[in-house]
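Thanks for coming, everyone. I'll take the overall layout, then one residue. Please look at the screen.

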Amino acid sequence: MNENENPGSRVGQIQANDLDEGDNAQIIYKILATESKRNDRKSMNILEKFKIDPQTGIITTLSSFDRETQDLYTFQVLAEDKLDTTKRDTTTIIVKIEDVNDNKPILAQSEYAFSIEEGLFGATKIGTFKATDADSEANGIFTYRLFPNESGEIKDDEYYNQFWELSNQYNSQFTYNQFYVNPTTGELQVTSQLNREEKSSYVFKVCVNDNGKPKAKISCSPVYIKVLVQSILF
Ligand SMILES: [Ca+2]
Ligand SMILES: [Ca+2]
Ligand SMILES: [Ca+2]
């Protein structure tokens, strides 16, 4: 089942067979928390998370689940003969919590500042943006892009998300002025020589998208570039 589902979601149904007839074939189902485990936190955890209908054997949830906290639950269900509880059997239930893209990618730094010399040749590496994501691999595949933010105005990530959708169509926004970000590695480069007399600083945004499903998530950090006078070697 997926994480974040509402409590009361159906997990599955257990069915035991009894060859007797009528009342002798009535079965009661229970989730097992054995005596020895009654005070065990993990065992209590199960009873707070799942319940079983004693008559139908339908297992439902009592809470929602966060895959990033715990992605697997194992417990035992007991089926016993209603009239003769010595006739009983147990089975092991394994519930796997599937990933939903509910975490944003996080850039390693909340802002980036680089000082670079004017006159550097094109394709010189300035630095690398890195991101992490708590979701499973499929919901944390990163694409990096650059967006204008020359005024330094603070916009939330959702604002850039609109432009992301657009730039997807044109496969654009990997460059800003004379800067280029490699969309998959996050490496930032200058594309041609900078001239400090023309422009001595740049402000833009780097955004990372996790390509998650059903909806991708995005995070952005400001990038400040200072252009330094070229050192002259004698
Ligand atoms: Ca989660
Ligand atoms: Ca994610
Ligand atoms: Ca998740």
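Let's begin with the domains. The protein is assigned domain 1 (10-96) and domain 2 (106-228), with bounds from an automatic or database domain assignment. Their C-alpha centres lie 51 Å apart.

Some ground rules. This is a predicted model: local features need pLDDT of at least 70, side-chain atom pairs count only at pLDDT 80 or more, and totals for chains, interfaces and linings use all residues. Residues are numbered from 1 along each chain as its sequence is written, while chains are lettered from A and ligands numbered from 1 in the order in which they are written.

Now the elements. The protein has 2 helices and 16 strands. These are DSSP runs numbered from the N terminus: helices are H or I, at least four residues, and strands are E, at least two.

How spread out is the protein? Its radius of gyration is 29 Å, well over the 17 Å from the globule rule for 234 residues, so the protein is more spread out than a compact globule. That radius is taken over C-alpha atoms, and the rule is 2.2 Å times the number of residues to the power 0.38. The C-alpha trace spans about 100 × 35 × 25 Å along its principal axes.

Finally, Thr90. It is found in strand E6 (residues 88-96). Thr90 is partly exposed, with 13 other C-beta atoms within 10 Å. Buried takes 20 or more such atoms, exposed 12 or fewer, and partly exposed is in between; C-beta atoms are placed from the backbone. Thr90 and Tyr29 are 61 residues apart in sequence, yet 9.5 Å apart in space, C-alpha to C-alpha.
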